[in-house]
Amino acid sequence: MASTLWSAGRYDAVGDRIAPIAAQVVDAAEQRRPLRGAALVDLACGTGSAALAAAARGASVTGLDITPELIAIAAQRPGADAVTWCTGDASATGLPAHSFDAVVSNMGIIFVDPDRQVAEIDRLLEPEGVLAFSAWVRGVTNPLFDPVVSVLGPPATSGFSPDQWGDAETLTARLDPFFDGIEIQPGLHRWEFESVSAAQRFLTQESPMHVETFRRAEPTQREQLAVEFEAAMNEHREASGTVAFTAPFVVVSAVRRP
């Protein structure tokens, strides 16, 4: 399978930063049913934070992602031998129907066509199986995204966007035909960089979506993006020089109908 934009930069630099949210996703799944001995799949698993957390709790885990480079990184992590890793489309996994007690995803399935994704999750889960995932919530400001809109304009409308999963009404409408007991737990994720230059390095060399944005931009746009991001990061620079800000998210859990 060909590489995707997620192979740009260093996704593990992102995955490691949001690993605490992955732990909350696994917590939400375990609150619904014991994970020890459960068959669990981590969809759009990235470098495997949620998969590894679930395996550490005794689940029999499959980790699936569309980007081979991310699966290769995940397979080298401590505890990775306890997980079955595979490359595939989260919305068309090819995995056996009704073969999982739980499906989890940490900021992964939100990037997939929602109709196809929900149908595939319904197909994968056993009756009364558990779904738990995280999603970003659209905030008033977003220093990781606002400069892109300022320089390049709003993204093209594709019919869906990741942060739609952070809207309670939208996510409920999507899940309600298949799931009961939908629960939404709000949270705040703290992004922190040791300096403005460290934040710029994250954006230009590590975060795949930002690396690709810079790569695809015209030279003058790249320069302006760098200027706008530096200004955005400076707005959140503390007296110590550390750059820090929070981003809202939700952890959603639900139970598949019998």
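**Salt bridges**

Arg10, Asp12 and Glu206 are linked in a network of salt bridges, a salt bridge being a side-chain nitrogen of Lys or Arg within 4 Å of a carboxyl oxygen of Asp or Glu. This is a predicted model, in which local features need pLDDT of at least 70 and side-chain atom pairs count only at pLDDT 80 or more, while totals for chains, interfaces and linings use all residues. Residues are numbered from 1 along each chain as its sequence is written, and side-chain values use heavy atoms, with hydrogens and water left out.

By this rule there are 17 salt bridges. One of them joins the side chains of Asp176 and Arg257, at 3.8 Å from N to O. Asp176 lies in the loop between helix H7 (168-175) and strand S6 (179-193), and Arg257 in the segment after strand S7 (243-256), so this pair ties together parts that are 81 residues apart in sequence. Helices (H or I, at least four residues) and strands (E, at least two) are DSSP runs, numbered from the N terminus. Asp176 is partly exposed, at a relative accessible area of 40%, and Arg257 is partly exposed at 29%. For these classes, buried means under 20% relative accessible area, exposed over 50%, and partly exposed in between (1.4 Å probe, protein chains only).

Strand S6 itself carries a partner of another bridge: Arg190 is in strand S6, and its side chain meets that of Glu238 at 3.6 Å, N to O. Glu238 lies in the loop between helix H10 (219-234) and S7, so the pair ties together parts that are 48 residues apart in sequence. Glu238 counts as partly exposed, with 34% relative accessibility, and Arg190 is partly exposed as well, at 45%.

A further bridge lies within one helix. Glu212 and Arg216 both belong to helix H9 (residues 208-216), four residues apart, about one turn of the helix. Their side chains meet at 3.1 Å, N to O. Glu212 counts as buried, at 11% relative accessibility, whereas Arg216 is exposed, with a relative accessible area of 57%.
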